[in-house]
Amino acid sequence: MSVTGLAGMYNIKKMIPDLHPPDEVFAGIPAPFRVSVRNIKRSLPSFLIRLECHAGQSLVFPVVLQNAESDGTVLFTFGQRGRVSLGRITISSPYPVGFFTRFWSYEIDGTVVVFPRPLETLSGGGGEESPATGAALRPQRGQSGELERISLYSGSEPLRMIHWKLSARGHDLLVKGFGRSVVAPLVIDLDALPGQGVEERLSRAAWLVQRWVRERPVGLLLGDRVHPAGMGKQHGLKLLRELALYGSD
Amino acid sequence: MVAIRSLATILTYVIGLCGMVPLFPWLAAFPLVILVVGLISGLMQDVRGSWHLKPWMQNSAIVPVFCYYALQFSRSNPVDPVVSVLAIMLAVRLSGEKTVRYSLQIYALSMFCLASSSLFDLSPIFLIFLGLLLFLVAIALVLLTFQNQDPAMTVSMADLKRILFSGLLMPVLAVPLMLVFFPIMPRTQMPLWNFLNPPSSRTTGYADTVEPGSQSSIADSRSLAFRAEMPRQPISNLYWRGTVFNRTDGNKWIRTSRIPTEQAEFSGHTVAQVIYPEPSVSRVLIALDRPIALARQRVTRAQDGVFELAGSAERRMIYTAESQPGGLIGQRKSINRQFYLQLPDRLPSRVMSLVSEIVRAGKDDQARVEFLESYFRNGGYRYSTKDLATGDRALEQFLFEKKQGHCEFFASSFALLLRAAGVPCRLVGGYLGGEYNELGGYYLITNDKAHVWVEAFIEGSGWMRIDPSSFAANAGEVWSPTASPGFRLRVTLLLDSLNYVWNRSVITYDLEQQVRIVTRVGSRLEGLNPSKIVRSLAPYAAGALLCAGLLFAAGRASLFSSREQRVLRRFLRTIEREFVISTGEGGVGLFEIAAAADNGLVSDFVAIYAGAVYRDRRLTDDEYARLQQLLREMRAPKKS
């Protein structure tokens, strides 16, 4: 009994668990969190390590080698938007003989920002229907659009813009002039979104951000605060974060 | 990948076998058959992966069996029903599915079966099976824990090896603890299982009566009678005294308990022995002739020097004895001669004429004994265990016709003639000789060494040991002291020394021995001089400290590492502890650590450290001090 007791105690010693949230966590939607445990013992592996996170989700690692890390994924679902503490992880193991289960808890420092639950909406805010893609194209110089004109080489254009075929016919170097497709930015005005209550409007705004931020500039109007329009994943995360924390600061 | 469950099932069968195999020779036919059938049917079902016998069927099958054997249980027959029920329960469990719960039950039943086999035979083989069982159960329990977590769990071969290794490690670590706990755990005076011990059917080699002529031949029994731990003795001293026979009817010698007072006078050197007798129905305790004292509770000493146990000697025991060898015991006063001259009413005429010859030849006890000795020596008597004289006139036949017989013939006739010639004497039953086991430092005495000799009282000297069998013409051949032990005997002695160690240190280890050890340790501690001990141990302690210091230094290379390495190691430890960021044993870059920590102190540290070390220069004293300051701040408790 003494030996099994000591073995059980040492088995869960020097085990450091960690929780890695994904980039996007929406309220009400299961999000895959990576749970890892690192065995910092020098010479002995640990057996049957069970990691239990908040709300009872758990993972079992049959063997965690010494000086090594094992990880797995658990699905977390948060009910509310906002900043949520990652809470604690309980490490337990019935090893070696299953008569007793030893455990200890590890407080995970850090929080995760849970975005509002996305709610599909057609309105882009500001009281008007969201324009269909292409309806609000504005001609601008660029390199991504249609060939719009041929002009004389000024010396500043990149070499690949030179229209070699046409230039060969004359004495001057001619360059191709392209247009650029630009979509009108979508500025989401929270107060103008349809829905009963702030939470529903935040949900619709979150949906809009997620839907459009990769395709067109999206801005946000939260009461007095204005977030300028921008594109890309990072900008989207920034806006969603603002929506998640709306009203809490 | 290996399925944990399959491996656990295989181990369960092996554990079941470990429990049942030692029990096989002792089981009645019915439980034996059930056990074999249960094992085979379980194996077949496990191979197929389908179990036809449901647990409720098995449990209901056990109930009538239990009731039947419960009715068989009685005070006189306690073991067989218990063992049979255990065996059948094991068989039933083996025939079913090996769930975690049932596997645990199989382990427990196997343990019980093995333990119950010890009621029949407590040989070192038991220890082998017990050791095997403990190791296997330890590994199986670990596997069952995994199976309990997930019955379908599979692990890689490498992981399985690690799991098995860890399972093995536990009993290995437990063995030293067991060796510590075994001698110090409190013992009961009586074994707890004693009530289940079957009455011993063994008897010692010598009987309660001496009756030459009752059998035409006797068979040798090489079974063990006792062991005596003592220094080697001259062969002429190896007479092991048991009981004394003091009344005769001419053919039969018996012992009467109304023994006249004697005052023995012991002088000369004594021999101490520790005797380990085999369980026996006889209550007589044996020791080297002649025992002076015998240390054991509830032992009575008769006037004629016979020691008897008040209770039964049916369990293993141990006692110490002190003896005075030599064969002559002086007496302070004369004895009750009349008591030791008792004879039957009539003696055969041929015997009477020999007696008158003795009386004529010697005037005193000594002369008469010497005459009879020479009569026996020159009479052409032979020692034999075959073709013996039988019937009422057996002694007369032995003396005058057959002239061959075993020790009982020699001793009985010699004593009869002495008594008839007026010399007080008695027969002594015991053992003669024994094999000395050099390895264990003890004599091994088997039942075929049983012997009877004569003690004659010589006025003025005392009781003198006379072994008439040694006067036989072929005595030298029979008790050849020069014969060197053959290979077989050496092997036997080697095996016996193992058995002896087992009996001595495990089986006979009881409260009495515990108390003795504690007393001995206590008396030794009293005589200790602390300052002397400290002085004698000081060099060892210094050596040990030096070794420990070297090991510590080797383990902590930081003692010999540079200032930069030391401060970096401290930094990495701090980061792991305070920020719970894995530094990968230094494998993660400092700037990555700084980014992950997102902490001003960490960034400052990294900037200073990298600014120096990454540019191939040593840290200045100021930088070093600053880095230490930063480390202190990082470790300082944070205010919430």
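This is a predicted model: local features need pLDDT of at least 70, side-chain atom pairs count only at pLDDT 80 or more; totals for chains, interfaces and linings use all residues.
## Sheet in chain A

Chain A contains an open sheet of three strands in the order 1-2-5, with antiparallel pairing. Its edge strands are strand 1 (15-20) and strand 5 (68-76) of chain A, each of which pairs on one side only. On average, neighbouring strands of this sheet are turned by 20 degrees against each other, direction ignored.

Strand 2 of chain A, covering residues 31-39, pairs with strand 5 of chain A in the antiparallel sense over nine bridges. Within this pairing, A:Val35 has A:Gly72 in strand 5 of chain A as its bridge partner.

## Strand pairing in chain B

In chain B, strand 8 (residues 271-277) takes part in two of the pairings described here. With strand 3 (residues 224-229) of chain B, strand 8 of chain B forms an antiparallel pair over four bridges. With strand 14 (residues 319-323) of chain B, the pairing is also antiparallel and runs over five bridges.

In general, strands of a sheet pair through backbone hydrogen bonds, in either a parallel or an antiparallel manner.

## Nonpolar cores

The largest nonpolar core comprises 87 residues, of which A:Val209, B:Ala87, B:Leu90 and B:Ala140 touch the most other members. Helix 6 of chain B, residues 124-149, gives the most to this core, with 12 residues. When residues up to four places away in sequence are not counted, B:Ala87 touches B:Met20, B:Leu23, B:Leu27, B:Pro31, B:Leu35 and B:Cys113.

## Contact between chains A and B

The contact draws 18 residues from chain A and 19 residues from chain B. On the side of chain A that touches chain B, the elements giving two or more residues are helix 1 (2-11), strand 3 (46-52) and strand 4 (58-64) of chain A. Helix 1 of chain A gives the most to this side, with four residues.

By class, the side of chain A that touches chain B has 13 nonpolar residues, together with three polar and two charged residues.

Methods:
Residues are numbered from 1 along each chain as its sequence is written. Chains are lettered from A and ligands numbered from 1 in the order in which they are written. Two strands pair if DSSP finds at least two bridges between them. Axes are lines fitted to C-alpha atoms, for helices over the stretch in contact, and angles run from 0 to 180 degrees between N-to-C directions. A nonpolar core is a set of buried Ala, Val, Leu, Ile, Met, Phe, Trp, Tyr and Cys residues joined through C-beta atoms within 7 Å. A residue is buried if 20 or more other C-beta atoms lie within 10 Å of its own, exposed if 12 or fewer, and partly exposed in between; C-beta atoms are placed from the backbone. Two residues are in contact if their C-beta atoms, placed from the backbone, lie within 7 Å. Ala, Val, Leu, Ile, Met, Phe, Trp, Tyr, Cys and Pro count as nonpolar, Asp, Glu, Lys and Arg as charged, and the others, Gly among them, as polar.
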